[in-house]
Amino acid sequence: MYFTVVAVNVGIFVLLALSLNIIIGYAGQSAMGHAAFFGIGAYTSALMTSTMGISFWISLPVALIVTGIIGAVLGLISIRLKDDFLAITTIGINFVVVAIFQYSEIFGASLGMTVSKPLFFGVKMTAPMYLTLIFILIVLTCLFINKMNKSWFGLALASIRNDEMAASSLGIDVNKYKVLAFTLGTAIAGLTGAVYAHFMTFIYSSDFAFIVSISIISMVVVGGIGTIKGAIFGAVLLGVAPELFRFLADYRMIVYGGLLVLMMRFQPQGLLGDNSFIMRNISKIFANIKKQKGGGQNAGNA
Amino acid sequence: MLMQQLVNGVMIGSVYALTAMGATLIYGILRILDIANAAAYAIGAYLGWYIYSISHNLLLAFLLSMILTGLIGVVIQKYIYYPIISKPNVIPIVPLITSVGLFTITGDLIRLILGPNVKEFGVVFKSGAIKIGKLIINPEWIFIIVLTAVLFAILWFILNKTRLGLAWRATAEDSEIAKAMGVNTNISMALSYILGYGFAASAGIMVGMLYNSISPTMGDIPSYKMLAIIVLGGLGNPVGTVVAGLIIGLAETLVSAYMGSILPRDAIAFIVLIFVLLLKPSGLVSKKSA
């Protein structure tokens with residue numbers, strides 16, 4: 001049971017990291033308020049199921065769409081700002097959204113919101129069922145991101161990330177693609193929020209505070225910006241670490257902060273990013289294996 | 001009542017401006033959004049509190065704490081930020097995350113070393129509050145407003161009347177060209193940090209005095225409010241920062257005094273920011289016009 005709960009939590013972080021990675025990693029936009037959209041999804045679905053009595057399974061796609069629309073509107077407003085302005089505006093969005101949750105009566109204000117457990121064919125959802133759901137969502141997201149990267153859209157994002165000026169001179173509508181990436185990333189975060197709200201059965205405004213955005217960013221950055229494996233690895237590493245190192249609980253934030261500073265100072269591309277020391281060694285090993293295999297085959301042919 | 005709110009607003013606003021000034025100076029030269037400035041604010045407050053509790057000399061506490069925090073800033077700049085930003089192709093989020101990391105470490109270090117509880121600052125002014133009609137002005141407030149004014153005057157003098165300031169402005173304009181013209185940009189960077197962290201430290205002590213309390217989490221709110229202020233002031237523009245600090249200070253006191261608690265006080269800065277950016281994407285005082 002304990003293991004399953006931890007696994008679901010880590011899975012939620014994986015989804016959040018993957019979705020933020022679309023914005024930060026693939027589109028290269030400094031979005032610092034991802035938790036806000038996580039929260040919008042959570043509160044949207046909680047309102048639907050617990051206040052209006054609509055099924056959880058309908059609330060999932062609605063949370064995805066509503067968050068995506070809000071993300072698109074906020075994206076349209078803020079994407080025209082350059083890197084640093086964008087970072088600060090998104091931090092601002094995070095604070096304002098949390099303030100709205102905390103001060104509006106329909107969102108339970110300062111009492112938080114109790115969310116009813118959803119049913120799956122008449123049975124109350126259990127932790128293993130959530131784990132399966134999360135796992136399916138992660139696989140779907142990964143497939144989607146893979147597909148996206150190989151598409152024209154993915155190539156356009158890569159060109160924007162590398163050189164915005166050059167991309168726009170080649171006729172790529174930079175703003176459109178940036179907003180699209182922002183919308184996709186926030187929509188997936190909203191979907192994750194819906195699952196989170198129903199898994200926890202209680203949500204409170206501070207669950208979606210700026211510090212949560214920072215942890216999601218840390219996961220993406222520690223794992224490796226702009227890669228699927230990096231985002232997953234970072235989320236698993238930073239999600240499991242607090243459980244493994246419970247005896248260090250008092251020093252957790254210091255370790256966290258220290259890790260961020262050290263990573264940025266010495267390995268800004270992340271542990272599994274392109275050309276990080278781990279990936280260099282792994283590819284060296286693979287190259288060696290290939291060479292040996294190739295050598296063996298040649299010998300066989302001869 | 002309105003007068004009282006205006007006085008409160010100006011005082012809070014000038015403390016905000018002082019807090020954000022460090023981030024502005026640093027952004028002006030290194031193009032880093034340095035959230036760790038709020039760490040300097042907390043460190044400064046604790047150093048000031050410690051020095052004051054030994055010496056019982058407020059000015060000495062301010063001076064020593066500002067110098068020590070400034071030196072810490074120079075060390076951080078030299079060994080952490082500079083190597084990061086001098087690598088080729090740094091994405092702008094990298095130094096920002098670094099500063100978040102530094103900020104987290106500092107808050108937690110203070111908590112582990114000195115304990116999580118709130119400490120009383122314990123500065124007592126002998127003279128009582130000045131009353132003009134209904135208007136009440138505490139002696140601390142006068143001290144804070146005067147000290148802030150003096151610090152800004154010193155900053156203005158350094159930036160506009162000395163060779164050091166000329167070098168700073170040249171580096172802020174274009175660090176490559178400045179370097180080519182023989183300006184020692186390393187000194188400009190060090191100057192940014194020593195002044196920036198020093199100012200943040202003095203703001204920390206002022207807030208500690210004002211509310212008679214310091215705690216390891218005291219930097220949390222300034223850490224993001226400072227960002228709103230420097231953006232509002234046009235990123236890297238010292239004059240804009242003072243204006244923006246005063247605007248946010250006034251907006252906060254007036255909104256919470258006359259409109260009640262529709263919105264939490266600390267979100268107001270960002271709402272003002274988002275509105276201003278919608279109308280004027282380059283900030284209130286853009287670089288060109290200053």
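Modeller: Happy to. Let's begin at B:H56, which sits in the loop between α2 (37-55) and α3 (58-85) of chain B; helices here are DSSP runs of H or I with at least four residues, strands are runs of E with at least two, and both are numbered from the N terminus. Bear in mind that this is a predicted model, in which local features need pLDDT of at least 70 and side-chain atom pairs count only at pLDDT 80 or more, while totals for chains, interfaces and linings use all residues. Residues are numbered from 1 along each chain as its sequence is written, and chains are lettered from A and ligands numbered from 1 in the order in which they are written.

For background, most residues other than glycine have a negative phi. B:H56 is exposed, because 11 other C-beta atoms lie within 10 Å (12 or fewer means exposed, 20 or more means buried, anything in between is partly exposed, and the C-beta atoms are placed from the backbone).

Chain B has another such residue in B:N212, where phi is near 50°, again a positive value in a residue other than glycine. B:N212 is also in a loop, the one between α8 (185-211) and α9 (220-232) of chain B. With 14 C-beta neighbours inside 10 Å, B:N212 counts as partly exposed.

Two packed helices are described by the angle between their axes and the distance between the axes. The axes are lines fitted to C-alpha atoms, for helices over the stretch in contact, and the angles run from 0 to 180 degrees between N-to-C directions. Take helix α5 (residues 139-161) and helix α6 (residues 163-173) of chain B: their axes come within 5 Å and cross at roughly 75°. That makes α5(B) roughly perpendicular to α6(B) (the label covers 65 to 115 degrees; under 35 is roughly parallel, over 145 roughly antiparallel, and the rest oblique). On the α5(B) side the contact is made by B:I158, B:L159, B:N160 and B:K161, and on the α6(B) side by B:L164, B:G165, B:W168 and B:R169; two residues are in contact if their C-beta atoms, placed from the backbone, lie within 7 Å. These residues divide into four nonpolar, two polar and two charged, where Ala, Val, Leu, Ile, Met, Phe, Trp, Tyr, Cys and Pro count as nonpolar, Asp, Glu, Lys and Arg as charged, and the others, Gly among them, as polar.

Another pair is helix α10 (residues 238-258) and helix α11 (residues 265-279) of chain B, whose axes come within 9 Å and cross at roughly 125°. That makes α10(B) oblique to α11(B). Here α10(B) supplies B:I248, B:A251, B:E252, B:V255 and B:S256, and α11(B) supplies B:R265, B:I268, B:A269 and B:V272. By class, this contact has six nonpolar, one polar and two charged residues.

Now across to the partner chain: 33 residues of chain A are in contact with 34 residues of chain B. On the chain A side, α4 (83-103), α9 (210-223) and α11 (252-266) each supply at least two residues, and the largest share, 13 residues, comes from α4(A). That side of chain A divides into 22 nonpolar, seven polar and four charged residues.

The largest nonpolar core has 186 residues, and A:A17, A:A181, A:V220, B:A228 and B:I229 touch the most other members; a core is a set of buried Ala, Val, Leu, Ile, Met, Phe, Trp, Tyr and Cys residues joined through C-beta atoms within 7 Å. Leaving aside neighbours within four places in sequence, the contacts of A:V220 include A:A17, A:L20, A:I225 and A:G234.

A:L137, in helix α5 (residues 127-150) of chain A, is buried, with 20 other C-beta atoms within 10 Å. A:V236, in helix α10 (residues 228-244) of chain A, is partly exposed, with 18 other C-beta atoms within 10 Å. Not counting residues up to four places away in sequence, A:V236 touches A:V10 and A:V14.
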